[in-house]
Amino acid sequence: MEKKDIVSMSFEELSKELGEMGLPKFRATQIYDWLHKKCVTSFEEMTNISKDLIKKLNDNFVIFACTIEKKLVSRYDSTVKYLFSLPDGEYLECVVMDYKYGHTICISTQVGCKMGCAFCASGIGGFKRQLTPSEMLSQIYTAQRDLSLRISRIVLMGMGEPLDNFDNVMRFLELVSDERGLNIGMRHISLSTSGIVPRIYDLLDKRLQLTLSVSLHAPNNEIRSKIMPVNKSWDIDELLNACKTYGEETSRRISFEYAMMKGVNDTPECAEELSKRLKGILCHVNLIPANEVPEKGHERSTDNSIVQFKSILEKNGLAVTVRRTLGSDINASCGQLRREKIKEDNK
Ligand code: SAH
Ligand code: SF4
(Lines give C-alpha, C1' and ligand atoms only; values in the text may rest on other atoms or scores of the structure.)
(Ligands and ions follow the chains in the order given, each with its own letter.)
Protein backbone atom coordinates (compact mmCIF):
# COMPACT_ATOMS: atom_id res chain seq x y z
CA MET A 1 0.00 0.00 0.00
CA GLU A 2 1.36 3.40 -0.94
CA LYS A 3 1.78 5.66 2.06
CA LYS A 4 -0.36 8.77 2.09
CA ASP A 5 1.01 12.32 1.89
CA ILE A 6 -0.08 13.53 5.34
CA VAL A 7 1.19 17.13 4.97
CA SER A 8 -1.07 17.75 1.96
CA MET A 9 -4.20 16.74 3.91
CA SER A 10 -6.64 19.33 5.18
CA PHE A 11 -7.49 19.18 8.88
CA GLU A 12 -10.82 17.59 8.01
CA GLU A 13 -9.19 14.92 5.85
CA LEU A 14 -6.64 14.17 8.54
CA SER A 15 -9.36 13.88 11.20
CA LYS A 16 -11.27 11.48 8.97
CA GLU A 17 -8.20 9.32 8.24
CA LEU A 18 -7.24 9.10 11.91
CA GLY A 19 -10.86 8.47 12.90
CA GLU A 20 -10.91 5.50 10.52
CA MET A 21 -7.83 4.17 12.31
CA GLY A 22 -9.83 4.31 15.56
CA LEU A 23 -8.05 7.32 17.02
CA PRO A 24 -9.80 9.98 19.11
CA LYS A 25 -10.37 13.48 17.71
CA PHE A 26 -7.72 15.26 19.78
CA ARG A 27 -5.03 13.26 17.99
CA ALA A 28 -5.77 15.06 14.73
CA THR A 29 -5.33 18.41 16.50
CA GLN A 30 -2.03 17.26 18.03
CA ILE A 31 -0.62 15.81 14.84
CA TYR A 32 -1.73 18.74 12.67
CA ASP A 33 0.01 21.07 15.13
CA TRP A 34 3.26 19.09 14.88
CA LEU A 35 3.08 19.05 11.09
CA HIS A 36 2.04 22.63 10.36
CA LYS A 37 3.02 24.73 13.37
CA LYS A 38 6.13 23.00 14.65
CA CYS A 39 6.92 21.78 11.12
CA VAL A 40 8.57 18.50 12.15
CA THR A 41 9.97 16.19 9.49
CA SER A 42 9.44 12.86 11.28
CA PHE A 43 6.77 11.26 13.46
CA GLU A 44 9.50 10.44 16.03
CA GLU A 45 9.70 14.17 16.88
CA MET A 46 6.06 14.16 18.05
CA THR A 47 6.90 13.80 21.74
CA ASN A 48 3.34 13.58 23.07
CA ILE A 49 2.60 10.52 20.94
CA SER A 50 3.20 6.92 22.00
CA LYS A 51 5.71 4.61 20.28
CA ASP A 52 2.85 2.39 19.10
CA LEU A 53 1.06 5.25 17.44
CA ILE A 54 4.28 6.53 15.85
CA LYS A 55 4.69 3.09 14.29
CA LYS A 56 1.11 3.15 12.99
CA LEU A 57 1.63 6.61 11.53
CA ASN A 58 4.88 5.55 9.88
CA ASP A 59 3.13 2.52 8.39
CA ASN A 60 0.40 4.64 6.82
CA PHE A 61 1.79 8.08 6.08
CA VAL A 62 4.86 9.98 4.90
CA ILE A 63 5.90 13.46 5.97
CA PHE A 64 7.26 15.08 2.87
CA ALA A 65 10.31 17.32 3.35
CA CYS A 66 12.64 18.80 0.71
CA THR A 67 16.37 18.20 0.93
CA ILE A 68 18.66 21.22 0.66
CA GLU A 69 20.90 20.58 -2.34
CA LYS A 70 22.47 24.02 -2.49
CA LYS A 71 22.14 27.24 -0.50
CA LEU A 72 23.45 30.58 -1.70
CA VAL A 73 23.56 33.70 0.44
CA SER A 74 23.93 37.07 -1.25
CA ARG A 75 26.90 39.21 -0.26
CA TYR A 76 25.01 42.42 -0.99
CA ASP A 77 21.79 41.85 0.94
CA SER A 78 20.58 38.94 3.04
CA THR A 79 18.76 37.20 0.20
CA VAL A 80 19.05 33.41 0.39
CA LYS A 81 18.41 31.10 -2.50
CA TYR A 82 17.79 27.39 -2.11
CA LEU A 83 17.99 24.59 -4.58
CA PHE A 84 16.02 21.66 -3.14
CA SER A 85 16.05 18.12 -4.41
CA LEU A 86 12.96 15.93 -4.51
CA PRO A 87 12.84 12.15 -4.03
CA ASP A 88 12.25 11.57 -7.76
CA GLY A 89 15.45 13.40 -8.67
CA GLU A 90 13.79 16.69 -9.67
CA TYR A 91 14.94 20.08 -8.42
CA LEU A 92 13.07 23.06 -7.03
CA GLU A 93 14.03 26.61 -6.24
CA CYS A 94 12.93 29.13 -3.68
CA VAL A 95 14.24 32.48 -2.50
CA VAL A 96 13.97 34.17 0.90
CA MET A 97 14.19 37.95 0.85
CA ASP A 98 14.53 40.30 3.77
CA TYR A 99 12.27 43.30 3.29
CA LYS A 100 11.71 46.03 5.85
CA TYR A 101 8.26 44.59 6.60
CA GLY A 102 9.52 41.04 7.18
CA HIS A 103 10.81 37.93 5.50
CA THR A 104 9.24 37.09 2.16
CA ILE A 105 9.58 33.74 0.45
CA CYS A 106 9.19 33.19 -3.27
CA ILE A 107 8.12 29.59 -3.89
CA SER A 108 7.79 27.31 -6.91
CA THR A 109 4.50 25.67 -7.86
CA GLN A 110 5.61 23.29 -10.63
CA VAL A 111 8.80 21.58 -11.79
CA GLY A 112 9.42 23.33 -15.10
CA CYS A 113 6.63 25.18 -16.86
CA LYS A 114 4.42 24.62 -19.91
CA MET A 115 3.90 28.25 -20.80
CA GLY A 116 7.12 28.80 -22.78
CA CYS A 117 7.67 32.53 -22.19
CA ALA A 118 10.58 33.73 -24.33
CA PHE A 119 12.48 35.43 -21.49
CA CYS A 120 12.10 32.89 -18.67
CA ALA A 121 14.55 30.23 -17.47
CA SER A 122 11.84 28.12 -15.76
CA GLY A 123 10.48 26.67 -18.96
CA ILE A 124 13.84 25.59 -20.38
CA GLY A 125 13.54 21.81 -20.63
CA GLY A 126 9.75 22.04 -20.63
CA PHE A 127 7.29 20.93 -17.99
CA LYS A 128 8.18 18.05 -15.68
CA ARG A 129 5.38 17.76 -13.15
CA GLN A 130 3.00 19.46 -10.75
CA LEU A 131 4.08 20.09 -7.17
CA THR A 132 1.91 18.72 -4.39
CA PRO A 133 0.65 20.98 -1.60
CA SER A 134 3.22 19.43 0.76
CA GLU A 135 6.04 20.16 -1.68
CA MET A 136 4.97 23.81 -1.75
CA LEU A 137 4.65 23.99 2.06
CA SER A 138 7.94 22.23 2.60
CA GLN A 139 9.82 25.00 0.77
CA ILE A 140 8.62 27.37 3.51
CA TYR A 141 8.99 24.97 6.43
CA THR A 142 12.52 23.95 5.36
CA ALA A 143 13.70 27.53 4.82
CA GLN A 144 12.21 28.67 8.15
CA ARG A 145 13.93 25.86 10.02
CA ASP A 146 17.24 26.34 8.25
CA LEU A 147 17.30 30.11 8.80
CA SER A 148 15.64 30.06 12.26
CA LEU A 149 13.22 32.79 11.31
CA ARG A 150 9.55 33.28 10.64
CA ILE A 151 8.34 33.92 7.13
CA SER A 152 5.61 36.53 7.06
CA ARG A 153 4.87 36.90 3.35
CA ILE A 154 4.64 34.50 0.44
CA VAL A 155 4.83 35.14 -3.27
CA LEU A 156 3.97 32.40 -5.76
CA MET A 157 6.48 33.68 -8.28
CA GLY A 158 9.07 30.94 -8.45
CA MET A 159 9.19 28.25 -11.07
CA GLY A 160 5.89 27.26 -12.67
CA GLU A 161 2.47 28.68 -13.46
CA PRO A 162 0.34 28.47 -10.27
CA LEU A 163 -2.99 28.61 -12.08
CA ASP A 164 -1.94 25.58 -14.15
CA ASN A 165 -1.76 23.63 -10.86
CA PHE A 166 -5.00 25.06 -9.56
CA ASP A 167 -6.30 22.48 -7.07
CA ASN A 168 -2.93 21.85 -5.42
CA VAL A 169 -2.28 25.59 -5.14
CA MET A 170 -5.74 26.13 -3.58
CA ARG A 171 -5.04 23.41 -1.00
CA PHE A 172 -1.61 24.92 -0.30
CA LEU A 173 -3.25 28.32 0.31
CA GLU A 174 -5.81 26.75 2.63
CA LEU A 175 -3.10 25.00 4.68
CA VAL A 176 -0.65 27.88 4.87
CA SER A 177 -3.31 30.39 5.95
CA ASP A 178 -4.92 28.02 8.49
CA GLU A 179 -4.92 29.39 12.05
CA ARG A 180 -3.91 25.92 13.23
CA GLY A 181 -0.79 26.06 11.03
CA LEU A 182 1.56 28.86 9.94
CA ASN A 183 -1.42 31.21 9.82
CA ILE A 184 -0.09 33.51 7.11
CA GLY A 185 -2.97 35.77 6.17
CA MET A 186 -4.15 35.88 2.55
CA ARG A 187 -3.36 39.59 2.53
CA HIS A 188 0.28 38.62 2.88
CA ILE A 189 0.20 36.27 -0.11
CA SER A 190 0.64 37.16 -3.81
CA LEU A 191 -0.09 34.82 -6.68
CA SER A 192 1.44 35.59 -10.06
CA THR A 193 -0.01 34.31 -13.33
CA SER A 194 0.96 34.59 -16.96
CA GLY A 195 -2.74 35.02 -17.76
CA ILE A 196 -4.74 31.79 -17.93
CA VAL A 197 -8.01 33.68 -18.15
CA PRO A 198 -10.55 30.96 -17.21
CA ARG A 199 -8.52 30.15 -14.10
CA ILE A 200 -8.50 33.85 -13.10
CA TYR A 201 -12.32 33.65 -13.01
CA ASP A 202 -12.07 30.40 -11.00
CA LEU A 203 -9.78 32.18 -8.56
CA LEU A 204 -12.24 35.07 -8.35
CA ASP A 205 -14.96 32.56 -7.36
CA LYS A 206 -12.87 31.58 -4.32
CA ARG A 207 -13.00 35.19 -3.04
CA LEU A 208 -9.58 35.00 -1.44
CA GLN A 209 -8.05 38.18 -0.13
CA LEU A 210 -4.71 37.54 -1.82
CA THR A 211 -2.94 39.89 -4.24
CA LEU A 212 -3.20 38.87 -7.87
CA SER A 213 -0.12 39.68 -9.94
CA VAL A 214 -0.44 39.43 -13.68
CA SER A 215 2.61 39.09 -15.92
CA LEU A 216 1.71 41.48 -18.70
CA HIS A 217 5.12 42.43 -20.13
CA ALA A 218 3.69 44.07 -23.28
CA PRO A 219 1.22 46.81 -24.21
CA ASN A 220 -0.27 45.04 -27.26
CA ASN A 221 -0.98 41.64 -28.76
CA GLU A 222 1.75 41.89 -31.36
CA ILE A 223 4.55 42.15 -28.80
CA ARG A 224 2.90 39.95 -26.17
CA SER A 225 2.24 37.04 -28.53
CA LYS A 226 5.91 37.10 -29.55
CA ILE A 227 7.18 36.74 -25.99
CA MET A 228 4.28 34.94 -24.27
CA PRO A 229 2.61 32.08 -26.18
CA VAL A 230 -0.31 32.15 -23.68
CA ASN A 231 -1.41 35.37 -25.39
CA LYS A 232 -2.46 33.34 -28.42
CA SER A 233 -5.04 31.52 -26.30
CA TRP A 234 -6.30 34.54 -24.32
CA ASP A 235 -5.35 37.92 -25.72
CA ILE A 236 -4.73 41.19 -23.87
CA ASP A 237 -8.36 42.34 -24.07
CA GLU A 238 -9.66 39.09 -22.59
CA LEU A 239 -6.96 39.18 -19.92
CA LEU A 240 -7.56 42.81 -18.96
CA ASN A 241 -11.33 42.25 -18.85
CA ALA A 242 -10.75 39.42 -16.38
CA CYS A 243 -8.42 41.67 -14.36
CA LYS A 244 -10.96 44.48 -14.35
CA THR A 245 -13.69 42.14 -13.11
CA TYR A 246 -11.34 40.67 -10.52
CA GLY A 247 -10.45 44.13 -9.21
CA GLU A 248 -14.05 45.33 -9.14
CA GLU A 249 -15.45 42.27 -7.41
CA THR A 250 -12.71 41.84 -4.81
CA SER A 251 -11.77 45.54 -4.36
CA ARG A 252 -8.17 44.31 -4.47
CA ARG A 253 -5.63 46.15 -6.57
CA ILE A 254 -4.08 44.00 -9.33
CA SER A 255 -0.35 44.18 -9.71
CA PHE A 256 0.87 44.10 -13.33
CA GLU A 257 4.39 42.77 -13.78
CA TYR A 258 6.35 44.24 -16.68
CA ALA A 259 9.88 42.89 -17.33
CA MET A 260 11.82 45.59 -19.15
CA MET A 261 13.70 44.18 -22.14
CA LYS A 262 15.85 46.35 -24.36
CA GLY A 263 14.29 47.00 -27.75
CA VAL A 264 11.43 44.58 -27.06
CA ASN A 265 8.89 46.39 -24.89
CA ASP A 266 10.63 49.44 -23.42
CA THR A 267 10.03 52.34 -25.81
CA PRO A 268 8.15 55.55 -24.86
CA GLU A 269 5.44 54.48 -27.37
CA CYS A 270 5.01 51.23 -25.43
CA ALA A 271 4.61 53.24 -22.21
CA GLU A 272 1.92 55.45 -23.77
CA GLU A 273 0.08 52.44 -25.19
CA LEU A 274 0.27 50.59 -21.87
CA SER A 275 -1.13 53.63 -20.03
CA LYS A 276 -4.15 53.69 -22.36
CA ARG A 277 -4.76 49.96 -21.93
CA LEU A 278 -4.69 50.12 -18.14
CA LYS A 279 -6.97 53.13 -17.82
CA GLY A 280 -9.84 52.43 -15.46
CA ILE A 281 -8.34 49.27 -13.93
CA LEU A 282 -7.64 49.29 -10.18
CA CYS A 283 -3.96 48.45 -10.47
CA HIS A 284 -0.31 49.02 -9.81
CA VAL A 285 2.51 48.46 -12.30
CA ASN A 286 5.72 46.77 -11.22
CA LEU A 287 8.57 47.35 -13.65
CA ILE A 288 11.20 44.62 -13.41
CA PRO A 289 14.64 45.16 -14.94
CA ALA A 290 14.69 41.84 -16.87
CA ASN A 291 17.17 39.22 -15.80
CA GLU A 292 19.31 38.14 -18.68
CA VAL A 293 19.18 34.40 -19.37
CA PRO A 294 22.00 33.29 -21.70
CA GLU A 295 19.82 30.86 -23.73
CA LYS A 296 17.11 33.44 -24.23
CA GLY A 297 19.11 36.26 -25.73
CA HIS A 298 17.16 39.29 -24.47
CA GLU A 299 18.94 42.21 -22.82
CA ARG A 300 17.91 44.21 -19.78
CA SER A 301 16.66 47.72 -20.56
CA THR A 302 18.98 50.56 -19.63
CA ASP A 303 18.35 52.45 -16.38
CA ASN A 304 17.52 55.52 -18.43
CA SER A 305 14.81 53.83 -20.45
CA ILE A 306 13.30 52.34 -17.28
CA VAL A 307 13.18 55.80 -15.64
CA GLN A 308 11.62 57.30 -18.75
CA PHE A 309 9.05 54.49 -19.05
CA LYS A 310 8.12 54.94 -15.39
CA SER A 311 7.68 58.67 -15.70
CA ILE A 312 5.36 58.29 -18.72
CA LEU A 313 3.15 55.83 -16.82
CA GLU A 314 3.11 58.17 -13.81
CA LYS A 315 2.28 61.19 -15.94
CA ASN A 316 -0.71 59.17 -17.15
CA GLY A 317 -1.87 58.59 -13.59
CA LEU A 318 -0.64 55.04 -12.94
CA ALA A 319 0.93 53.84 -9.69
CA VAL A 320 4.36 52.43 -10.60
CA THR A 321 7.30 50.89 -8.78
CA VAL A 322 10.58 49.54 -10.10
CA ARG A 323 11.46 46.25 -8.46
CA ARG A 324 14.72 46.21 -6.58
CA THR A 325 16.99 43.49 -7.87
CA LEU A 326 17.76 41.49 -4.75
CA GLY A 327 20.42 38.82 -4.68
CA SER A 328 21.78 39.79 -8.08
CA ASP A 329 25.03 37.96 -7.32
CA ILE A 330 23.29 34.63 -6.64
CA ASN A 331 21.05 34.31 -9.68
CA ALA A 332 18.00 34.96 -7.54
CA SER A 333 15.48 34.80 -10.34
CA CYS A 334 13.28 31.89 -11.12
CA GLY A 335 14.62 28.80 -12.81
CA GLN A 336 18.24 29.84 -13.14
CA LEU A 337 19.77 27.76 -10.37
CA ARG A 338 17.91 24.61 -11.43
CA ARG A 339 18.99 25.21 -15.02
CA GLU A 340 22.66 25.31 -13.94
CA LYS A 341 22.29 22.18 -11.77
CA ILE A 342 20.72 20.20 -14.62
CA LYS A 343 23.56 21.26 -16.92
CA GLU A 344 26.08 20.18 -14.27
CA ASP A 345 24.38 16.77 -13.81
CA ASN A 346 24.40 16.17 -17.58
CA LYS A 347 28.13 16.83 -17.94
N1 SAH B 1 4.26 31.69 -13.96
C2 SAH B 1 3.90 32.82 -13.21
C3 SAH B 1 4.68 32.98 -11.93
C4 SAH B 1 6.12 32.66 -11.94
S5 SAH B 1 7.16 33.74 -12.84
C6 SAH B 1 3.99 34.06 -14.06
O7 SAH B 1 4.53 33.99 -15.15
O8 SAH B 1 3.48 35.08 -13.63
C9 SAH B 1 7.34 35.14 -11.77
C10 SAH B 1 7.59 36.45 -12.49
O11 SAH B 1 8.93 36.51 -13.01
C12 SAH B 1 6.67 36.68 -13.67
O13 SAH B 1 6.20 38.00 -13.67
C14 SAH B 1 7.60 36.41 -14.82
O15 SAH B 1 7.12 36.96 -16.00
C16 SAH B 1 8.88 37.00 -14.32
N17 SAH B 1 10.08 36.59 -15.06
C18 SAH B 1 10.36 35.41 -15.62
N19 SAH B 1 11.56 35.44 -16.23
C20 SAH B 1 12.06 36.68 -16.03
C21 SAH B 1 13.26 37.33 -16.42
N22 SAH B 1 14.19 36.71 -17.15
N23 SAH B 1 13.43 38.61 -16.03
C24 SAH B 1 12.49 39.24 -15.30
N25 SAH B 1 11.33 38.69 -14.91
C26 SAH B 1 11.12 37.41 -15.28
FE1 SF4 C 1 6.15 29.87 -16.81
FE2 SF4 C 1 5.85 32.23 -15.58
FE3 SF4 C 1 8.21 31.51 -16.66
FE4 SF4 C 1 6.17 32.11 -18.25
S5 SF4 C 1 7.20 33.50 -16.84
S6 SF4 C 1 7.57 30.34 -18.51
S7 SF4 C 1 4.46 31.29 -17.08
S8 SF4 C 1 7.18 30.54 -14.96
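**Pockets, salt bridges and a ligand**

Guide: The second largest pocket has a volume of about 160 Å³ (the space filled by probe spheres set on grid points, which are joined across faces, edges and corners). A pocket here is an open set of points on a 1 Å grid over the protein atoms alone where a 1.4 Å probe fits, with protein on both sides within 12 Å along at least five of seven lines. This is a predicted model, where local features need pLDDT of at least 70, side-chain atom pairs count only at pLDDT 80 or more, and totals for chains, interfaces and linings use all residues. Residues are numbered from 1 along each chain as its sequence is written, chains are lettered from A and ligands numbered from 1 in the order in which they are written, and side-chain values use heavy atoms, with hydrogens and water left out.

Visitor: OK, what lines the second largest pocket?
Guide: E2, K3, K4, D5, V62, F64, A65, P87, R129, T132, S134 and E135, where lining means having an atom within 4 Å of a point. By class that's four nonpolar, two polar and six charged residues.

Visitor: And where does that pocket lie relative to domain 1 and domain 2?
Guide: Between them, because domain 1 (4–62) and domain 2 (67–345) both give residues to the lining. Those bounds come from an automatic or database domain assignment.

Visitor: Switching topic: how many salt bridges are there?
Guide: The count comes to 19, taking a side-chain nitrogen of Lys or Arg within 4 Å of a carboxyl oxygen of Asp or Glu. K4 pairs with E17, for instance, with the closest N and O atoms 3.1 Å apart. That pair links distant parts of the chain, with K4 in strand β1 (residues 4–5) and E17 in helix α1 (residues 11–20), 13 residues apart.

Visitor: Is E17 buried or exposed?
Guide: E17 counts as buried, at 18% relative accessibility, while K4 is partly exposed at 39%. Buried means under 20% relative accessible area, exposed over 50% and partly exposed in between (1.4 Å probe, protein chains only).

Visitor: What does R129 meet in a salt bridge?
Guide: D88, at 2.6 Å from N to O. R129 lies in strand β8 (residues 127–130) and D88 in the loop between β4 (80–85) and β5 (91–99), so the pair ties together parts 41 residues apart in sequence.

Visitor: Last one, what surrounds ligand 2?
Guide: C113, M115, G116, C117, C120, S122, G160, E161 and S194. That shell divides into four nonpolar, four polar and one charged.

How values were computed. Near = heavy atom within 4 Å. Nonpolar A, V, L, I, M, F, W, Y, C, P; charged D, E, K, R; others polar. Helix = DSSP H or I, 4+ residues; strand = E, 2+ residues; numbered from the N terminus.
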